[in-house]
Amino acid sequence: MSDGIEAAFADGPAFIPYLAAGDPNYEASLEYVEALDRGGADVIELGLPFSEPIAEGPTIQEAVIRALESGMTPERFFEFVEELDVDAPLVCMTYYNLIYQYGDGEGPRPFVERANEVGLEGFVVPDLPAEEADPLRDACDEFGLDLIFIVAPTTRGDRLERMLEHVSGYVYVQARLGTTGARDDVSDQTDTSLERLADCDVPKAVGFGIKTGEHAERIIAAGADGIIVGSALVDIVAAGEENEEATADTAAALEAKARELKSGALAGSSETVPEPEQP
Amino acid sequence: MTPTDTDTRPTERNRDERTAEDGNFGRFGGQYVPEALMPALEELEDAYRRYVLENEDGFMDDFRRRLRDFGGRPTPLQRADRLSERYGREIYLKREDLVHGGAHKLNNALGQVLLAKYMGKERIIAETGAGQHGTATAMAAAHLDMPCEIYMGRTDVNRQRPNVFRMRINGAEVNPVDAGRGTLKEAISETMRDWSQTVEHTHYVIGSVVGPHPFPAMVRDFQAVISEEAREQILEETDGLPDSVVACAGGGSNTMGAFAEFIPDESVSLVAVEAGGSSLEVDEAAGVAPNSATLSTGEEGVLHGARTTLLQDSHGQIMESHSVSAGLDYAGVGPELAHLVDIGRVTPVNVDDRVALEAFHRLSTEEGIIPALETAHAFGYLHAVGTDADTALTDADTPPVESDDPLGETIIINVSGRGDKDLETVIEQTAEMGLEAAPDMSVFDGGLR
């Protein structure tokens, strides 16, 4: 496991925000990601936009389109990561074709090598189930990066065991069926999924549908080690874009939302943990 | 080919080699889907093996009976007299346009909806490009009493209105998809999103030999009835195998259906005709390939669940494709077809929008068959080769055909569907391109819409 990701779960519940890199443009996006870091992010999932994001709901699809239209490419993404000034470890979330094409016939290794060079610490690849993951797994092992798998509500029995053999960093527990997107209800499926993972010693982070501090509190109280929040944050970026709010206002709104979610997570934790430092 | 080689029933002869047990065709295929869908694919693999390959509960007998009684099979293999005379060859048409619904699409849709029923699923979803697969799925779902929702790109909804009406009239919901250019690629992505929420009780009837395993193998097996019949019919009719089989290729379901049983017959050339669109040039900055010639110009990548050949930019972003024919307008292609091209068994060629449109009119006026615009591409290629073998349409990336005449004396062309759905597009495009060989429709201006 990468040291950074391991440490992120070491003292209390981890808050893991997601944003698409380059949404709505390169410069603003840098500020937004840094705002999340100030707001208490323990790990940050950075989306490298792909033209066919089949696992994403409408909110993140739109973010991906904005990022692509602003000129985001894999190489620009790596520059983006290098330029970011954040403390939280960074995980790249993208689709397999981009990883594969970067290698130009040499498989996923060149992408992983470059990711390692710019300081990324892991990957989430929503269209890469454990069955197809060996080449990427090998490259991640070579460079000491984590490969994070998603456990769905439909993942049971043998599949779950096989996946747990491959996973490192944390398990991404999909709270409910469907694509990504904020929902008001936080599903019962979460409890069931967490029960199924009770014996798993890799940290369990729950995503899909969390949008408030209360949700975060409930999920952590139910036994999760972390929460992953994407659409609720992307909504703030989209609203800022639509209202032509100054980047600084949107960044402030993101930082405030991050604090709310992080505080919720802390409140849900049975352990006594210090409140995040105020800047 | 000696007579003894043809004695064994092709189905038995080929079944083993045809089935990709692990979901891989050479280096193509696989299962690149979100984890939430994997258990459904495992369940489907199990159902495919038991019901389709092993005929459990008489599934295949039931399927064949329904294809006959509901679908109107077998379809004829018709000698095309005027085309044969025009090109100096023996040209046979496999009349899939006569299948119920007007296209080969029912073979697969009926198979999958029936399979969903045997699996105890309660709801059917499907994507559609030209609307032919959506129509076939809506008909099969009505026939088998299953609720059905179809996803269709907005552009395709607008250019294939008759099929939208047919789907609605059969009782299916039609959900327009506004993302991207609003064609097949976006419709598939959206259907996958629906499926990832509803997978426990819903079956996704994918419309071509694309997507994750077991779809490419299973759809091919349902469509293989085309070549099973055609092979027997041509042996009966001519006492021999054809020199070539020609089919248009978008995703590749009619192509694989028409080729499947001929693959082991090495003397038979298999020619896949893709849409050259308006140009084979790619606009990388705009992310647009104004064609759908995936096999001829694409590169290996991963899309919609499979490793296959794709139209993509240098970063791996999927390009927006184009064809005058909505059913060929797709940036990917079935992994088995990509493999067969890779090993040299299938020859990919392409013809552009104009050649296809001319062929559409030729078949309509000379043979009395109005073909789908997809199908017209196959006839466009015949015409290009038929006129003069040396001007066969290939591009720089396509290996040149080895013999001067890739088609030979006896040719089967798969008439994958009929063209009623395309009439508005055809009349519009014919006027726009100023085609001379087409009937003058100007007197009807304003009265068609």
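1. Helix 6 of chain B is largely enclosed by the rest of the structure, because 10 of its 12 residues are buried, where buried means under 20% relative accessible area with a 1.4 Å probe and protein chains only. Helices here are DSSP runs of H or I with at least four residues, strands are runs of E with at least two, and both are numbered from the N terminus.

2. This is a predicted model, in which local features need pLDDT of at least 70 and side-chain atom pairs count only at pLDDT 80 or more, while totals for chains, interfaces and linings use all residues. Residues are numbered from 1 along each chain as its sequence is written, chains are lettered from A and ligands numbered from 1 in the order in which they are written, and side-chain values use heavy atoms, with hydrogens and water left out.

3. The buried residues of helix 6 of chain B, among them B:His133, B:Thr137 and B:Met139, pack against helix 5 (105–119), strand 5 (123–128), strand 6 (148–153) and helix 8 (161–169) of chain B, contact being heavy atoms within 4.5 Å. The end C-alpha atoms of helix 6 (residues 132–143) are 16 Å apart, which agrees with the 16 Å that its 12 residues should span, the expected span being 1.5 Å times one less than the number of residues. Just after helix 6 of chain B, B:Asp145 takes a positive phi of about 55°.

4. Chain B is assigned domain 1 (26–71 + 105–219) and domain 2 (77–100 + 224–433), with bounds that come from an automatic or database domain assignment. The C-alpha centres of these two domains of chain B lie 23 Å apart, and 43 residues of domain 1 are in contact with 42 residues of domain 2.

5. The largest nonpolar core has 196 residues, and those with the most contacts inside it include A:Phe123 and B:Phe259; such a core is a set of buried Ala, Val, Leu, Ile, Met, Phe, Trp, Tyr and Cys residues joined through side-chain atoms within 4.5 Å. This core draws at least three residues from each of domain 1 and domain 2 of chain B. A second, separate core of 23 residues includes B:Val273 and B:Leu407.

6. The structure holds 0 disulfides over all chains, a disulfide being a pair of cysteine sulfur atoms within 2.5 Å. For A:Cys140, the closest cysteine sulfur is that of A:Cys92, at 10 Å, too far for a bond. A:Cys140 counts as buried at 0% relative accessibility, and B:Cys248 is buried with a relative accessible area of 1%.

Terms used
Buried means under 20% relative accessible area, exposed over 50%, partly exposed in between (1.4 Å probe, protein chains only).
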